[in-house]
Amino acid sequence: MWVETDSFEIAKSIGSLTELTYLGLGENPIHGIIPPQLGNLSKLQVLDLSSSSQMVVDNLEWLSHCTSLMTIFISNCLLPKVDTSSLSFTNNSFLFLKSLQLSENSIHPSTITWLLNSSINLEKLVLTNNVIEGTFPNSFGHITSLEYVDLSGNELGIMGVPKSLSNLTKLKYLDLSHNNLKGTLHDLLGNLLGSTKSSLENSFNSIFVLDFSHNLLSGSIPADYWGNFQFLIVLNLAHNMLSGEIPSSISMPILQTLQLSHNNLSGTLPSSLKTCGFLRILDLGSNNLTGPIPPWIGEIPKILVLLSLKSNNFYGSIPLNLCNVSTMQILDLSSNDLSGSIPSCIKNFKAMVEDYYDPKTIIPSIPVVTTTPGVGFDDSYINTASFIWKGTQYKYDKNLGLLRIIDLSNNKFNGEIPIEVSYLSQLRQLNLSCNNFSGAIPRNIGNLNKLELLDLSRNKVFGEIPISLAEISSLNYLDLSNNRLSGRIPTSTQLQTFDPSRYTMNFGLCGPPISRSCPGDEPSDPQSPANDSDQGALKPN
């Protein structure tokens, strides 16, 4: 029997439905205290109390009587400290429980300990955003059936992960991101997997996802572990304080996501990465990496979707082989020391040319973590990445696959902007600012009819602004300042709405929205500025 309710009070009569197997009270404007009569539901298999901030779980006595539960969702509820010392339960109270998901509850550690001690066959454990501090209860490492563990968004410290986690030989998904984990990555892996190499081989031989991002980990990335991660699909160590070179042992054959951004990594890109033939996301931005961009980066991972090398020390030109990656949706090479011209072969980026959207291209294919029926696991891993938009850095996650971006800003690129840029009709953002580009803006740039941001500022571009630019109705950010443009600004509903500072320091430009009149126009208002030469400073939005 399957029951969901959207009433404003939880009816106590539900407790009389003793044949009930599914109770969904989540994502509804329900308020009040969970009635203890729910403990009568001895055949209940799925309990969903998610995303209802007005519900209060002030007593768990009733929960200990729901001995048939397979899945518990309790999220965003008022869940204060619960005294479990007098509860009538045994260590096998939740003998059939496979999935325990308690997110955004500020749950007390004593409650976690009670639930874990009562759930000896648990397969999935999610305790995200609960402000769990210090050391996590050691007991969860003894649930050897665990395959999926997500403790992200807490305040676990240096001793936050018990060594007993090495007992979890079935572990396939481990997310400890957004915590306060300190120390070296080498020591953390030791705490997780035991001190011997044999324990590492036994524990991590089949893991798919490993996410330690957004912590305080320091030291180098150890080279002696990764050979045992042959089934790793996601490795995310971004936003830490890791240093040293990227070890050549990171060469997992089915790796799809490698995120090492926002660290202090140095050296060149190891050629061993070319063995990662299924790589879709390669984000190494905001480090101290150097050297030329190697040609093999466009040869081996032929399904690469996102390549971010921004804010490093790369030099040289864009390798022509990069154009072989027809699946490229996001290319961010900004803030390096790159030079040369934009290769005309960028028209081969078919994902920026053809109008299609497949969310699976940006989401790694994670094998099903459990085969337990009726549990309803969502085992996809959501990639995240940050990009500059209108001068502000934004994080994208579930909508990442919608983006089509080329960002080559803050380099030393030169030559003309190739006409092939105008073939990339699916582009949402094109940023070529702060380079040495010259020549005219491509006449058919209006073909980029989905473009939302165009920044060509601080180059040496000359000539007139193409009339076709006025046809891009989606454009909501434009900066052509500090160039050598001339002639009348084309008239449209878009181009005249931008601040005059977006055209400033182009002394040959005229017409609205800047105050300089074009030859043959009516004289300008004598009270208004004669020209915009004093508007050289860019204005904030």
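Q: What pattern do the disulfides of the chain follow in this predicted model?
A: With bonded cysteines counted along the chain, the pattern is 1-2, 3-4. The count comes to two disulfides.

Q: What makes C323 and C345 a disulfide?
A: Their S to S distance is 2.0 Å. The cut-off is a pair of cysteine sulfur atoms within 2.5 Å, so the pair qualifies. The link of C323 and C345 is right-handed, with 65° about the S-S bond.

Q: Why is C323 called buried?
A: Its relative accessible area is 4%. Buried means under 20%, so C323 is buried. C345, with a relative accessible area of 16%, is buried by the same cut-off.

Q: How do you know that C510 and C518 form a disulfide?
A: The sulfur atoms of C510 and C518 are 1.9 Å apart. This is within 2.5 Å, so the pair counts as a disulfide.

Q: Why is the disulfide of C510 and C518 called right-handed?
A: The torsion about its S-S bond is about 100°, so the disulfide is right-handed. Both C510 and C518 are buried.

Q: Why is C434 called partly exposed?
A: Its relative accessibility is 26%.

Q: Is C66 buried or exposed?
A: C66 has a relative accessible area of 0%, which is under 20%, so C66 is buried.

Conventions. Residues numbered from 1 in each chain as written. Predicted model: local features only at pLDDT ≥ 70, side-chain atom pairs only at ≥ 80, totals over all residues. Heavy atoms only, no water. Buried < 20%, exposed > 50% of the residue type's maximum accessible area, 1.4 Å probe, protein only.
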